[in-house]
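Biologist: Could you take me through the salt bridges in this one, pair by pair, and then the surroundings of the ligand? I'd like the cut-offs as you go.

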Amino acid sequence: MSQLAGDIGEPPERAGRALLKEPAVRETHSMPRLSYEFDIESCWKSIPAWRAVSAEEFSDHQWQLRNSVSSLSGLAKVLGSRLSEGALEEFKRGMQTAPMNMRLTPYLVSLIDWDHPESDPLRRQFIPMASQLLADHPMHQEDSLGEDEDRVAPFLTHRYHDKALFLPTTICPVYCSYCTRSRVVGGSTPVRDKATYGAKQTAWEETFAYIRSHPELEDIVISGGDASMLRPDQLEEIGLTLLGIPHVRRIRIATKGLAILPMQVTSDDGWVKALERVTDFGRKAFKEVCLHTHFGTTREMSQWTVEAMKRLVGIGIKVRNQSVLLRGVNDTFGSMYRLVKSLSWLTIQPYYVYTHDMVPGCEHLRTTIATTEELSKALLGTTAGFNLPRFVCDAPGGGGKREISSYEYYDAQKGISAWTAPRIKPGRVFYYYDPIDELPSEGQAFWRNVEANGAVLEDERSRIEARIRSLSPA
Ligand SMILES: *Cc1c(COP(=O)(O)O)cnc(C)c1O
Ligand code: SF4
């Protein structure tokens, strides 16, 4: 509950009034229109370099990977006259300071509206435009989630009691501007040196040994990087090894592949067969095997997505979705509602929507806690409860995922929220900071003071912590 209302003991009317919030998301009450027609046949025909590409070629994951665009010159070559001078210049300057390299599948390139790249929600996720960038928040961190602090084996982060995060690779089929692991994923850039690594089977034994020796670990998330970059034999080895450990009850395979390269599921028989063997093994062992994917908008969905999901449903694997809430991409009721309903239609369960982590290079993509809360509230009652995503803030510094309204304190003016995680890191207070440009002028003035004198923030935090202590049971 927000502590903005003041100390406990104030007259209820006053507390009640102070708790009334300005709506952060203004929408009419009519429901947005939906279409489940995921029909974008021949979308690639509008891309000059691919006009002569046949449907068969475009639907082949290998063709997609071979023709992925990983440089601006490559993009310019593919788009020809469809890429304006102005946009190219913006991208060039944007990439100079970007922590992430560029990598796009032809599928994505074809879905972007190149007549309006500045406002296109797909372009916004993958290629930065210089004029849209904002200075990083002074409290940003390369490892915002504190994953390195909780690392227990070479590729394993063990933060929560019964589940752990296994990162066998830090390579992906696309590179997202908003990547929370930009410190390791996707290779060095002009502004970042990274220790990116590919999947290496011989190096995983220490990680498996740790999991074997920790009987409380029932649930392993296989992420990265992206599991779609694992070879079929690697995917199978990880899956079967983990499911073969008696106390491991659940594994999830995290991949953005389904969203940005559905052709992997429709045409990479080796990979899908490996996934099927893992799924079958799990079913027979009475254990859960799921795929966790990452759609940001409905614009990433197509007839290939439908075909891919039919195949995954056919092999009996449950798919869930985790999105990052991104400014100008999916931060309105309409866009989030359409995403949730379309995922549900595809039999993908909307699982999480994360507030953007406080990593560098992404200030223009972050939203406030108020917006996140408002969106979460606006979705209530719109569809089946099990298809309503949980809006969470992964508390910076390793507090773990927290339900968006579970902060101990939130000052929307200064954009400071404080979180505790008694079951994970008892006694600690974690802070999330809203993007400064979204704050009212008083809040922006506060941060100018902080820039001039860091003690201002220290004082604020001490005051907040004293308040939290005074309100929590001894
Ligand atoms: C997200 C995450 C998990 C899985 O958490 P769920 O809430 O079960 O999805 C496990 N370990 C780490 C370190 C994580 O960040
Ligand atoms: S696919 Fe995931 S891990 Fe890879 S760059 Fe995008 S957000 Fe990061």
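Modeller: Let's start with K414, which pairs up with E460 in a salt bridge whose closest N and O atoms are 3.3 Å apart; the term covers a side-chain nitrogen of Lys or Arg within 4 Å of a carboxyl oxygen of Asp or Glu. K414 sits in the loop between strand 11 (409-411) and strand 12 (416-420), while E460 belongs to helix 17 (residues 455-471), so this pair ties together parts 46 residues apart in sequence. Helices (H or I, at least four residues) and strands (E, at least two) are DSSP runs, numbered from the N terminus. E460 is buried, at 7% relative accessibility; buried means under 20% relative accessible area, exposed over 50%, and partly exposed in between, with a 1.4 Å probe and protein chains only.

Before going on, a word on the ground rules: this is a predicted model, where local features need pLDDT of at least 70 and side-chain atom pairs count only at pLDDT 80 or more, while totals for chains, interfaces and linings use all residues. Residues are numbered from 1 along each chain as its sequence is written, chains are lettered from A and ligands numbered from 1 in the order in which they are written, and side-chain values use heavy atoms, with hydrogens and water left out.

Next, R320 and E288 form a salt bridge, with 3.0 Å between the closest N and O atoms. That one links distant parts of the chain, 32 residues apart: R320 is in strand 7 (residues 318-324) and E288 in strand 6 (residues 288-293). R320 counts as buried at 16% relative accessibility, whereas E288 is partly exposed at 34%.

Then there's E403 with R390, a salt bridge at 2.8 Å between the closest N and O atoms. Here strand 10 (residues 400-403) holds E403 and strand 9 (residues 390-395) holds R390, so parts 13 residues apart in sequence get tied together. E403 is partly exposed, with a relative accessible area of 36%, and R390 is partly exposed too, at 39%.

You'll also find a network of salt bridges linking D143, E147, D148, R151, R181 and R183. The count of salt bridges comes to 29.

Now the ligand. An oxygen atom of ligand 1 is 2.8 Å from a polar side-chain atom of K163. For R252, a side-chain N or O atom lies 2.7 Å from an oxygen atom of ligand 1, and for Y352 the distance from a polar side-chain atom to a ligand 1 oxygen is 2.6 Å.

Notes. Polar contact = N/O pair within 3.5 Å; in protein donor to acceptor, adjacent residues only side chain to side chain.
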